[in-house]
Amino acid sequence: MKITDHIKNAKGKTLFSFELLPPLKGQSIQGIYDAIDPLMEFKPPFIDVTYHREDYIYKQHESGLLEKVSYRKRPGTVAICASIMNRYNVDAVPHLICGGFTKEETENTLIDLQFLGIDNVLVLRGDARHADSGFIPTPGGHAYATELLEQVANMNNGVYLHEDYDTAYKTKFCIGVAGYPEKHFEAPNMKTDFGFLKKKVEMGAEFIVTQMFFDNSKYVEFVALCRENGINVPIIPGLKPITSSKQLISLPKIFHIDLPEELSEAVQKCKSEKEVREVGIEHMIAQCKELMKVGAPVLHFYTMSNPGPTKRIAEAIF
Ligand code: FAD
C-alpha cells in the first residue's frame, strides 16, 4: 500500500516506522530479522531499507603498487525489501540513490521492484563516497534527486528510457524525498534548498522524510514553511536518539545538524555511557510526545539496525 494511504487510513493517529541498514557483506539475513522482530509489536505499516553506493578499497600487489578497487559494503537492498515483505507482511520502502547507478541500471531496479509488488520508493541523491571530497555522479547516471525522481515519475507515466521498450507498463510508485529542517549542507541558504524541495513535490513526490533533528521547533518551522509555500504532502519526521557521548561530535559533523544546549550539557554531565543512553532516550521520548501533539503523521526512527533504544521509546509513547 502507498505510504500516503497508510497515513490517510490512520485518520490522524501517529504511526510508527523505522529504517534499517542492509547488513555488512558476508552477514546473513538473520541480522535484519533480529533488528525487526523486537519492533513489530508497534505495528509499523512500513519499514525503510537504505541503499549504499560502492566505495573504494586499495589492494597492495606484490610489486608494492596499490590498486584502487570498487566494492559495495552493504549490498542487497532490493532482496532485503522482498524478504521483509514476505516475512512480515508490511510494506518495505527501498531507498533509491543516484550514485553508483546508470539510468539503465536504475530502470532495471525499478522494474524488479515493480515485479516484487513494492509500492513506495524514497528517491535520493545519495552520499558521497568516503574517498571523494563531494558527490561525483556516475557516468550515465543522475546528479540530483530531481533527475532520479523524473525517471521514476516517467515510468509511472509509462515512459521508459528507450522508445522501443515494447511493454510500457505504467508503474505506480508512491515517491518520497528527503527534506532538511536545518538545510542541506551544500545549499547556500534555506530558500535555495527549499526551492528544490518544492520542485520535487511539483514533479510528483508524495511524501517527505526529514533529516534527523533534536529540537522540535526546527520541524515545526519547516512544516509551516512548506505549508505557506503550497507543499501539502505529509512530512514525516526522521528521529534518532543519542546513544553515545561520541555522537555529540559525530552527529553534527556527519548530518550537519545542531544539538540543543540542554541536551549536549546533559550528556556531558553523564558519568557513564549507560547514563548517556538514558539521557538520549528520555530526550527522544519527550520529543516524540510533542511531535504527536503537533500532528506528525509518522514517527520514523533511524535505528541503524540496533532496535533496543527505539523499542524503549516506542514502549513509552505508543
Ligand atoms: P538532492 O535533492 O539532489 O540535493 C542535494 C543538494 O543539491 C542540495 O543542497 C540541494 O539544495 C541541491 N539541489 C537539489 N536539486 C538540485 C538541482 N536540480 N540542481 C542544483 N542543485 C540541486 N544516502 C544514501 O547514500 N543512502 C540512503 O539510503 C540515504 N537515505 C536517506 C534518507 C533520508 C530520510 C535522508 C534525509 C537522507 C538520506 N541519505 C541517504 C543521505 C542523502 O543521500 C544525502 O543527504 C545527500 O547529500 C542529499 O540527498 P538529496 O536526495 O536530498 O539530494
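The side chains of Glu54 and Arg129 meet in a salt bridge with an N to O distance of 3.2 Å, a salt bridge being a side-chain nitrogen of Lys or Arg within 4 Å of a carboxyl oxygen of Asp or Glu. This pair links distant parts of the chain, 75 residues apart, with Glu54 in the loop between β2 (46-49) and β3 (55-60) and Arg129 in the loop between β6 (120-124) and α5. The model is a predicted one, in which local features need pLDDT of at least 70 and side-chain atom pairs count only at pLDDT 80 or more, whereas totals for chains, interfaces and linings use all residues. Residues are numbered from 1 along each chain as its sequence is written, and side-chain values use heavy atoms, with hydrogens and water left out. Helices (H or I, at least four residues) and strands (E, at least two) are DSSP runs, numbered from the N terminus.

**Salt bridges**

- A search of the whole structure finds 12 salt bridges, and a network of them links Arg53, Glu54, Arg129 and Asp132.
- Glu278 counts as partly exposed because its relative accessibility is 32%, and Arg312 counts as partly exposed because its relative accessibility is 34%.

**Packing of α5 with α6**

- Helix α5 (residues 145-156) and helix α6 (residues 190-202) pack at an angle of about 5°, with their axes 10 Å apart, and α5 is therefore roughly parallel to α6.
- For these values, axes are lines fitted to C-alpha atoms, for helices over the stretch in contact, and angles run from 0 to 180 degrees between N-to-C directions; angles under 35 degrees count as roughly parallel, over 145 as roughly antiparallel, 65 to 115 as roughly perpendicular and the rest as oblique.
- Ala145, Thr146 and Leu149 in α5 meet Phe196, Lys199 and Lys200 in α6, contact meaning heavy atoms within 4.5 Å.
- The residues of this contact of α5 with α6 divide into 3 nonpolar, 1 polar and 2 charged, where Ala, Val, Leu, Ile, Met, Phe, Trp, Tyr, Cys and Pro count as nonpolar, Asp, Glu, Lys and Arg as charged, and the others, Gly among them, as polar.

**Packing of α9 with α10**

- Helix α9 (residues 261-269) and helix α10 (residues 273-293) pack at an angle of about 160°, with their axes 8 Å apart, and α9 is therefore roughly antiparallel to α10.
- The crossing of α9 past α10 is right-handed, a crossing being left-handed if the near helix is turned anticlockwise from the far one by less than a right angle, and right-handed if clockwise.
- Ala266, which lies in helix α9, counts as partly exposed because its relative accessibility is 28%, and its C-alpha atom is separated by 7.0 Å from that of Val279, 13 residues apart along the chain.

**Thr310 in α11**

- Thr310 lies in helix α11 and counts as buried because its relative accessibility is 2%.
- Leaving aside its neighbours within four places in sequence, Thr310 is in contact with Phe16, Leu39, Phe301 and Thr303.

**Residues with positive phi**

- His256, found in the loop between α8 (247-255) and α9, has a positive phi of about 60° although it is not a glycine, and His256 is partly exposed, with a relative accessible area of 33%.
- Met304, in the loop between β11 (298-302) and α11, has a positive phi of about 55° although it is not a glycine, and Met304 counts as partly exposed at 42% relative accessibility.

Technical notes
Buried < 20%, exposed > 50% of the residue type's maximum accessible area, 1.4 Å probe, protein only.
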